Amino acid sequence: MNSFITFALLSLLLALNSNPSYASGRNHTDDTNACRVTRYSRYIKNACSVTQNQQLCFRTLWPFAIVAKNNSSKWARASVAVTITDTKQILRLLLKTRSSAVGKRERVALSDCRELFVDSLGNLYKSLALLRKLDADEFQQQMSDLATWLSSALTDEDTCLDGFEETSIRSSTVRMIRRRATRCMQLCSNALALLNKLAYDGL
């Protein structure tokens with residue numbers, strides 16, 4: 001993960017320095033940008049430290065570091081939003097995959113996965129909506145509801161993967177679905193971890 005972080009930090013630093021209007025006072029600008037990158041790096045590493053899939057967390061949530069900073073609520077919201085994006089992508093893939101392109105056992109798994117990811121997406125949307133209107137007076141109940149919905153979404157995605165466990169890995173379609181479903185499950189796991197961090201930190 002360290003090499004990836006180094007690469008990301010260098011990329012951001014180069015982007016900050018790419019504006020020609022910074023040509024004058026270059027040393028001061030370089031120092032300022034380096035400080036910003038270091039600060040953003042601390043934010044993202046602190047947030048992702050609680051997740052099981054830290055490199056994926058860092059890669060997908062890095063763009064939110066400038067806004068989220070040390071705000072646990074914003075990190076949880078960002079992680080759910082990222083998970084929704086990936087879940088919609090795999091759902092589109094599942095819906096457009098023709099049953100004739102796979103075997104009988106794969107067709108059953110494919111049908112189950114469609115239903116499971118529709119349910120997962122619904123729980124993710126409910127979670128994002130609630131994260132946008134957290135209230136100190138109802139915080140504990142809201143955390144309980146969020147944990148239930150995100151856990152359910154994670155279970156749906158895990159169940160989808162289980163359905164493909166005994167299917168042929170020779171099918172490129174099956175391999176792609178399994179790969180995308182695994183990524184969604186990892187993102188959802190990260191979101192749940194960041195929710196737990198929010199529940200611990202409070203508002």
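Let's start with Tyr40. Tyr40 is buried, with a relative accessible area of 11%. Keep in mind that this is a predicted model.

On to the rings. A pair of aromatic rings is described by the distance of the centres and the angle of the planes. The structure has 2 aromatic pairs. One of them is Tyr40 with Tyr43. Centre to centre, that is 6.3 Å. The planes make an angle of 40°. Stacked or edge-to-face would need under 30 or over 60 degrees, so this pair counts as tilted.

Next, helix 7, residues 139-163. Two residues here.

First up, Glu157, in helix 7. This glutamate is buried, yet it has no salt bridge. Which side chain of opposite charge is nearest to Glu157? That is Arg183, 11 Å away.

What does Glu157 touch, then, leaving aside neighbours within four places in sequence? Thr87, Phe117, Ser120 and Leu124 are on the list. Cys184, Met185 and Cys188 complete it.

Now Thr159, also found in helix 7. Buried or partly exposed? Thr159 has 37% relative accessibility, so it counts as partly exposed. Thr159 and Leu116 are 43 residues apart along the chain. Their C-alpha atoms are separated by 7.7 Å.

That's it from me. Questions welcome.

Conventions:
Residues are numbered from 1 along each chain as its sequence is written. This is a predicted model: local features need pLDDT of at least 70, side-chain atom pairs count only at pLDDT 80 or more; totals for chains, interfaces and linings use all residues. Side-chain values use heavy atoms; hydrogens and water are left out. Rings of Phe, Tyr and Trp (its six-membered ring) pair if their centres lie within 6.5 Å; planes under 30 degrees apart count as stacked, over 60 as edge-to-face and the rest as tilted. Buried means under 20% relative accessible area, exposed over 50%, partly exposed in between (1.4 Å probe, protein chains only). Helices (H or I, at least four residues) and strands (E, at least two) are DSSP runs, numbered from the N terminus. Lys and Arg count as positive and Asp and Glu as negative; His and the chain ends are not counted. A salt bridge is a side-chain nitrogen of Lys or Arg within 4 Å of a carboxyl oxygen of Asp or Glu. Contact means heavy atoms within 4.5 Å.
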